[in-house]
Each structure stands twice: as structure tokens, then as C-alpha cells.
Amino acid sequence: MSTTRRDTLLDIQHRIQARWRAEGAFEVDAPGDFDERRGWSLDEVRAGRKEPYFVTFPYIYTNGPIHLGHAYSLSKAEFAVAYGRLRGRTCLFPFGFHCTGMPIQASANRLARELQEFGPTGPPPPPPPPPTAAAAENGTTPAAAMKKKVEAKTGRQVYQYHMLLSSGVPPEEIPRFADPHQWLRYWPPQGMRDAQSLGLHVDWRRSFITTDANPYYDSFIRWQFERLRGAGRIKFGKRYTIYSPLDRQACADHDRATGEGVAPQEYVLIKMEVLRPYPEPLRALEQQACRVYLAAATLRPETMYGQTNCWVQPDGEYGAYALSADGAEVLVMTARAARNLAYQDVAPEFGREHRLAGPFLGRELLGTALRSPRAPRTPIYVLPMLTVSTGKGTGVVTSVPSDAPDDYRALQDLREKAALRDKYGVRDEWVLPFEPVPIIEVPGYGCLPAMAACEQLKVRSQNDRELLARAKDEVYLRGFYDGRLLVGAYAGQRVQEVKQRIRQEMLEAGEALLYSEPEREVISRSGDECVVALCDQWYIEYGEAEWKRLARRCLDAMETYHAETRRGFEAVLEWLHEWACSRSFGLGSRLPWDPQYVIESLSDSTIYMAYYTVAHLLHRDLAGAEPGIAGPPDRLTGAVWDYVLLGEGDAEALPIPPAVARQLRREFQYWYPLNLRVSGKDLIGNHLTFFIYNHVALFPEDKWPLAVRANGHVMINNEKMSKSTGNFLTLQEAVQRYTADGVRFALADAGDGVDDASFQVKTADEAILKLTTMLSLASEGVRCAPEMRDARQPLQFWDRFFEAEVDRLVEAAAEAYDRMAFRDALKCAFYEMQDALGVWRVAVGADADMRHMHRAVWEQYIRAQVQVLYPICPHTCEWMWREVLHAGQEAPPLRWPEAAAERRERAAILAAGQYLQNLLHRLRLAIQRRAPVPVRRGRDDGDNGAADRAPAEAPHGCSLELHVRTTLTDWQTRCVALVRAAYDPHTRRFADDLPKRIASDAALRRVLKKAMPLAMHLRDTGQLELQLPFDEAAVLQENRAYIRDQLGLQHEVQVCVDDEQGERRGALLGEPAIVLR
């Protein structure tokens, strides 16, 4: 397959990018005369009078190459910046690299172990994977995977060595990656090259890496945390947190291989004492001076008044674990629960569970007699429940059949089904005497809400999982908000008012204890299944009432572009609190006051947008090895940052030159606040909300962020992007295959909004053809321009129409760019623009010969085409602008095009053009109806029923008359009058019964099928008159030849105005009568 077109675009891409680099095209600085003491006031910011446009995208984690998922999110920022430049704004788009956290350290450690085991050549290669449909369409086959070293995209790599090899790291360099700092030296420069290949409008001077490997950034983060601590936002204490036992530290979202966003789930463990004689698995404990409890995890301690039994999973595995060093208390639970509990300051030794008996199966506990706190009777018994999960809670569940639909139905199954009791050896006396106990009155469900809900939903068995889930959700919700206790010390009070008091009483009485576990499975980057641990840690007090109020105020003033994004922020602000900000393992900056801890990766990335404003003045390389004008990093004291970012102190009293301090302050003041933050929607739950919290904590209101634009994930060819299936593209691969502009075109076309989008390989491939065709057309147009119609010849109707259509599409594209709807922008800026060009070329006879075009109209179009498409395809567009449209001369700066026609004039010509196209559609249908009808011959004529045409005049031999009416008919006049009467000028609304008025009017009954659509059109468009914005007869007269040629007629089209035949044939204003002869 020829790659000539692709190679043409790649050559243009390389030339344009080289020119940008040579010109420093996207390097911008604050003006020297900008007043650093004043900055932008809050009124100026809110009124949109802040001239510079500052946009950021989350810096990319540098443990591998940039992929198409990164490119999709960052393309939103890129398109916005490129459009802003066209609009004449001073735009800043910086790009950094994140290295903080566990992933790099964990990967380096894993590689070190592999090298120790297998030697410097690494482990043996993995087998090739089977291809998926999407991978095959991408060109990723097993053979290609092996040949092109893309095994990392197959998910078959067990080893870190193979991942690095398949990412393009030369084999001889891989051993160096056992040092985590090699990742910082290798991947950020590689990421910069890949990002530059996409043609980003980035000021690369401001790029940097994080961690204490960059001493300048390190000083910035230490300043931030000192300020937060000084403001009382950082505290120390024991807190439940997701914890990796292998890494021996908290495991935050970015430290996880799976389970991002998972939080600790707190339960109350009910201590259900085992009565003697003990069952066989616990018999050895009977001789010891200890108490044994089944530990039942519950979220509803207020329902313990209604316990009738205890559930276990008969085939689940359990053990008995010491709760204290002296073994005085023993808890029966699953090993998984015991492992979690061992990290929560209740086990004899932190992180080590002490099993005294087991493992044994749950069926061995059936029939065990228990004394449970607050149960209405003793004993109650252990019974089998098939749906108990040993992967959630403790595997032991206390049963309250009055208020829990699952418990009710499981108990009823045992009561009603003797065979089920026999299967598990359940005696009648363990089950039959126990009835649900009324404990809570729930409006609509009575005092036995679980039973009522099961009866209403016709739940017949504990296996009716979907119905039971519905019943549970409704009963639990209504019970909490509307339920009133019927028993106990709080009888008569609402559940929601006393729930916490009952919980606290049980804890203080020793009847229960607290237990936490992850909401669902969390696997750390080290491959460890995480637990919940009660740890001494530094934490940021997100959720504190006053701080939350400020965060809400910031959110209220922010533009979020989509309602779903705003709702996501509101939900996170509701639940977020106390985020652990320190780790003992991984890369990062050290806590200034407690350097044994490293600041975790979601906490050192909340206000770094401010660092971008001055980074290029602080250091000249990514890692801060080459000092800038401020001198060495040890001069960046807290006082310097106070002055630069907050305006506190005196520039003359700082350890850096006063002029430099003022320049740093000027850069920050000029660019801040941040205009736009672009990110994936998955970061709303952590990073983006932290971003708001930290800005309102550290900066005055005039520096709070102005907008967040969140997007969904990107698929490839409608399938999830996945290394494990091969449906995966790095940015480097994508640009090499489809060119930068082809990739950008497909990224814009992939979709907008917060739903997942799809990068279509076919779209990227076809973009190459589309762009090179546009390039060829521009070159041909320039060549033919001297021979085109010129100013000496008046514009034809379709010239004027095309001018107006180009103006309309420019305006529509601007509206789409403004709301960051880039798929809509592409639709207007390219697809519809090309369609309009095609209509114009055919209408003026230029589809075969471009010399039939009018030069001024052509030049307006091709300039506008280049200008409005530039944000998406800048390489092709800039090449066309400089080397084609302004070849041999100094090209003016690319700017957004100005409208060529007044809006009213444009509306009239556009309406006339739409009128003509609608009329042509009517005429073609009329000619089709007149066309000869095929006559089917019988089979006896030997023609097998083949169709033949009856003798008739061919359609192109017709003559066409169009009869125009310039006034309203009586029924139209009546319809307009009724619409006008239904309009209230005070409310600017039409009466709701307008359709009824039209339908019941005697004068309109016979023409109701025409009158009703007319009335609805007038109502929907707000018109109180029926008139055309153009001269219908004049438009038809001017376009008689066009109509003839479009229909292939031999005779001239006749236009008749207000004649008798038009009256007879029902001509209407805007709908001429058609006569074919």
C-alpha cells in the first residue's frame, strides 16, 4: 500500500515543528510593564477581562511511554489553546512530568529481583498472544507483536524486564532501571519528544520533573506543606487507611494497580458469645480460660434487638483468632477478616494474626448455641445461609429477619423446607420456634418491614437475588430515615437520631468492637492485596466545615462545562475527609518537619500550576541541574515563595536579587488564576477536588481556578483500550502511522462530554486522504486563481450563498470551540465546510474546472478553511497558510476569520439557498412520479418477466413551470391571526392550548394538515408574521438555469407570479405550484 500521502503530511509536520522550535512560537512571558503589585482583580477575573489564557493538563506519570489515553485528555487542552491563539489571546500551555509515588520505586525493585534471579539478559520471553478483532484492525497481530516488540501491549508479560524491552528500552540499558532514578532520567525526555511530535502548543521551557530529584520543585512543595500545616490543615494521629502489608505503608490511589477510589468501610463487630458445650472445631478452647465469640460484622447495630439466629457460609473456611495477648477473648471469623483486624490495634501484635484453632468449615459450626448482645432470647443458633460471602465482612452474619429481607427469606426457607434442614443437619428446635421480632415501625411497611417488602415483591426464595436487592435497598433506606424504634431505651425515637448512640453504647459495654476493610479489593503496585490499617500518620483534614465551605464557593463560581462534572464534585465534597498525605516508601519530597516520611503523589500535585508560572526562570532543564536567574535552589526559602506566590514580605529583603523576585512575582500575577484545568473524569474523586481545596486554602479568591473540563476515557475502535488484548497504541506509534494531524483529527472526532469516547483508526487513516486532498485543492486553486472570475464580474447567487454559508460555519465553529465541543467544531470546520464547497462548485460549474469559481469567494473560503481547522490540524493548516496561500511572501499571522456579510443579509441568502434546495427535492420527486412505469411482460413471451418501459416522454424532455404566490391565502392569514392571538407579550409565551385553537377553528378544518404545522412552526420560531426574508420570484428567476441543469431538463424553466393557474394549483407563499408538461 502506498504511503505517499502519509509521507507528505509527515514531511510537512517535521518542517512546521522545526520552524516552531526555531521561532520559539509558543514561548510566552509576562509583559515587562505588567504591574506585579496589582495582578488581576477579582472583578476583572469574574468579568472575563483577564487577557492571558492559562491552561494545564495533569502532568503525566513517567513510568512508560505516553499513550493514546493521555493524548485524548490533553488534546482538549491543546485544542483550546490553539483556538485561543487564533482569537488573539496570549496563551500558556505548560507540560510537566510526575515521578512521585510508589510505582517507579516498586518497578525498580521488581526489576532488581528479576536481574538477581535471571542475570543481566533477563527472564525468557513470553509466548505471543491471540489477536482480538480490534487489535487486528490496529495492525497488531501476534507476529507483528513479536517482531515490533509490542509484547507490553499484550498483558502476557509477567516480568518488568519484558515491559521495559517492549516499551523500546534497549536491552543493554535495562539493568540501569533497577535504580529508580534512571526512570526519571529516561522517560521524561522520551515523553517530551513524543508529546512534541503531536505538535502541542506548549512552552517547553517550563517543563520539570517532581520529587526531591528536582531541588527547585522540592522547595516549592515543602513551602506548600509548611503553609498548610501552619494554617492547621495538616494533623497527626491514628486513622484508618488502605495499607499495603508488603510495602509497610499506606497505599493511596496512585499507588494501586487496582482499586483506585476504594475507601475503608467501617463495620461494627457484634461479639456473639459461644455457649458450652463448644462445637468440635473449638473444643480445644473449652479447657482454656477464655471467651469465644463469633464476630458478626454489621452496619446496623440498632437492629440487634431483633436477632433470631446467626448465619455462616456452610462451605466457607473459618478460624478462631486471639483478640488479646493473653488469649482471654477469641474471635471466630475468616482468615481474610483476621488479617485486616490484625492491623487495627486490637490484635496482640500489629500485622500478625494469632490463630488458635482452624481452619474449619462453616458447616462444622451449625447448631452452635450463642448469647448475643441485645437479642430478645438466649440461646440463638448458628444456621447455614448460602449467600453469605467470605470475601466481605467476617463471613459471620447476625440475623434480623424483621428488618433484613435476606435474613427473612433465608429463615423462611429453613422453616418451610424440611429437605433443606435435613441437607445441613439443622434440627427443628434451632429454627421453628424463632419468629421475626418487631423492633422498628417503618411507614408503608409496618413493624415487620422485611416480610412486607418480600411479600410485595413476591420474593419466594433466598436465591431471588435481584428482588431481594430491591427489597433491601428500600427497607434499609426507609428504615433509617423514617423508622422509629419499638423496643429498648430509645423506643419511639427515629432510627437516624439514635443509631450512633446505640453503636457507642455497645462499644463502651464491650459488646462490640470496630472493624474496617477495603470497600472492595485493592491491589498495590507491588502486587500485594491491601488491608485497612489503623496507622499513625500525617493527614490533610479535607472535609473540615469551614474549608469545605470555601471549596464549595470556589466550585459554585467555576465553569465545569457538563452537569455531570459538577454533580461529581458535589458528591466528592460531601464524603471526602482526612486524606493520608505521607508515605515511608517511594519517590517524592520529604515532609519538612518529619523527613522520615515522603509526601504522597496525590498531595504534591495540587497547586503545581503555580510552579509552571516561574519554572523557566528557576531552572533550564527538567531536573533543575542548570540554575536559572534565581540562582541555586537553596536560595528559594519559604520567604521567597511567600513573596512570589502571596505577595508577602519585601523583595529587597530576600536571598535572591530584588529584580529577579519582582520578575518571578510578575509571572505569577500575570498568569494566575488558572483559566482551565483539563483532566479525565476519574480524577474528580481525588486530584481535582484536592486541587480546589488547596487553592482555596493557600490563595486569595482572585487566584482560585476558573474552570475544569473533565472527559471520559477513550476506547480504540469501540473496544476498551487494553494492553492485555493488544488494543493499545502509544502516542509515538499513532503519530508514525497516521501523522500528527491525522491523530489530532481522530481525537477531535472521538467524542466530547464525560462519557467514554472512541478513537477510530479508520477516521485517522481517512484524515490523511482528506487533508492531502484539501492541500492539493488549495494548490490547484492558487494556480487557477488568475483565470477565475474576478471583481469585474458580479457575484452570482451561489457565490453569495457560499460566502454566507462559510460565515455561518465559521460562527458555528467558534461557538463549538468556545464550549469545548471539539467534535462539533470539527463538524463545522471541516465536514460541513467541505460539503458547502461541493455544493458551490457544482452550482457554478467549477466541479470540473476551477476557473469557473469567483476568485474573491474562493479566497474567502480557503482562508477561512485553514483558519477554523487550524486548532485541530495545525501542521497542514500552517503549511497551507505560509507555503501555499502566501507562497513567496511574508505571511500574516493566522487569526480567526472575520465575517464577510452582515448577519441579516447572510440570513436572507441562506434562507434563499435552503429554499432552492428544498424546491429541488420537491421537483425531483415530481419528476420521479411522472417517469415511465415499468411494464411487466408475462412469462409466455419468453422474457422471464423482465421489466420493459412503456412508451412515454423521457423526464429530461419535460418543460417546467413554477407558479409563485406573493401573498398569503385566506387560511394562512387566519392561522397567523390565531397564533398572534395566543401570544402574551408580557410573559413572552404562547398559550398552551394553541394546538386546540387551530384544530377547532372552522376555517381551518379542511386544511388542518397544512395549518397545524404552520402554526407550530410560527410558535417554535417565535414569529408573529409569515413572510420570506428574500424575494422568492427574483431568486427563482436568477436560478432558472441552475434548476434546469440540476434536473437535466432540455427546456428553460418558466417562472409565473400571482397568476390564475398558480391559484388553481394551490401555490403558497414559499411553496410554488409545480407544472410539468
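At what angle do helix 1 and helix 24 pack, and how far apart are their axes? Helix 1 (residues 4-23) and helix 24 (residues 761-784) pack at an angle of about 70°, and their axes are 9 Å apart. Axes here are lines fitted to C-alpha atoms, for helices over the stretch in contact, with angles running from 0 to 180 degrees between N-to-C directions. That makes helix 1 roughly perpendicular to helix 24; the class covers 65 to 115 degrees, while under 35 is roughly parallel, over 145 roughly antiparallel and the rest oblique. On the helix 1 side, the residues that meet helix 24 are Arg5, Arg6, Thr8, Leu9 and Ile12. On the helix 24 side they are Ile768, Leu769, Leu771, Thr772, Thr773 and Leu775. Contact means heavy atoms within 4.5 Å.

Before going on, the ground rules. This is a predicted model, in which local features need pLDDT of at least 70 and side-chain atom pairs count only at pLDDT 80 or more, while totals for chains, interfaces and linings use all residues. Residues are numbered from 1 along each chain as its sequence is written, and side-chain values use heavy atoms, with hydrogens and water left out.

Now the chain as a whole. There are 35 helices and 35 strands in the protein chain. Both are DSSP runs numbered from the N terminus: helices are H or I with at least four residues, strands are E with at least two. The C-alpha atoms fill a box of roughly 115 × 80 × 75 Å along the principal axes. Of the 1077 residues, 55% are buried; buried means under 20% relative accessible area, exposed over 50%, and partly exposed in between, with a 1.4 Å probe and protein chains only. Taking contacts between residues at least 6 apart in sequence, 75% join residues at least 24 apart.

Four strands form it in the order 6-5-21-22, with antiparallel pairing. Strand 6 (249-250) and strand 22 (579-580) are at the edges with a single partner strand each, so one side of each has no neighbour in the sheet. Two strands pair if DSSP finds at least two bridges between them. Strand 5 (residues 234-244) and strand 21 (residues 531-540) are joined by ten bridges in the antiparallel sense. Ile234 has Ile540 as its bridge partner in strand 21.

The structure holds 59 aromatic pairs. In one of them, the ring centres of Phe236 and Trp538 are 4.8 Å apart and the planes are at 55°, so the pair is tilted. Phe236 is in strand 5 and Trp538 in strand 21, so this pair ties together parts 302 residues apart in sequence. For the cut-offs, rings of Phe, Tyr and Trp (its six-membered ring) pair if their centres lie within 6.5 Å; planes under 30 degrees apart are stacked, over 60 edge-to-face and the rest tilted. Phe236 is partly exposed at 41% relative accessibility, whereas Trp538 is buried at 10%. Elsewhere, one aromatic cluster is made of Tyr59, Phe208, Tyr217, Phe220, Trp223, Tyr608, Tyr611, Tyr612 and Trp641.

Charges over rings come next. The charged end of Arg377 sits over the ring of Phe434, 4.3 Å from its centre. The charged end of Arg677 sits over the ring of Phe691, 5.9 Å from its centre. This requires NZ of Lys or CZ of Arg within 6 Å of the ring centre and within 35 degrees of the ring normal.

Then strand 8 (residues 264-274). Eight of its eleven residues are buried, so strand 8 is largely enclosed by the rest of the structure. Strand 8 pairs antiparallel with strand 19 (residues 512-518) over seven bridges, and Tyr267 stands opposite Tyr515 there. Strand 8 also pairs antiparallel with strand 9 (residues 291-298), over six bridges; Ile270 has Ala296 as its partner in strand 9. Two bridges join strand 8 to strand 14 (residues 369-371), again antiparallel, with Glu273 opposite Arg371.

Strand 19 also holds Ser516, which is buried at 1% relative accessibility. Apart from neighbours within four places in sequence, Ser516 is in contact with Tyr240, Gln265, Glu266, Asn340, Gln344 and Val532.

Last, strand 15 (residues 380-384), where five of five residues are buried. Two bridges join strand 14 to strand 15, running antiparallel, and Ala369 has Tyr381 as its bridge partner. Strand 10 (residues 309-312) runs parallel to strand 15, with four bridges; Cys310 stands opposite Val382.
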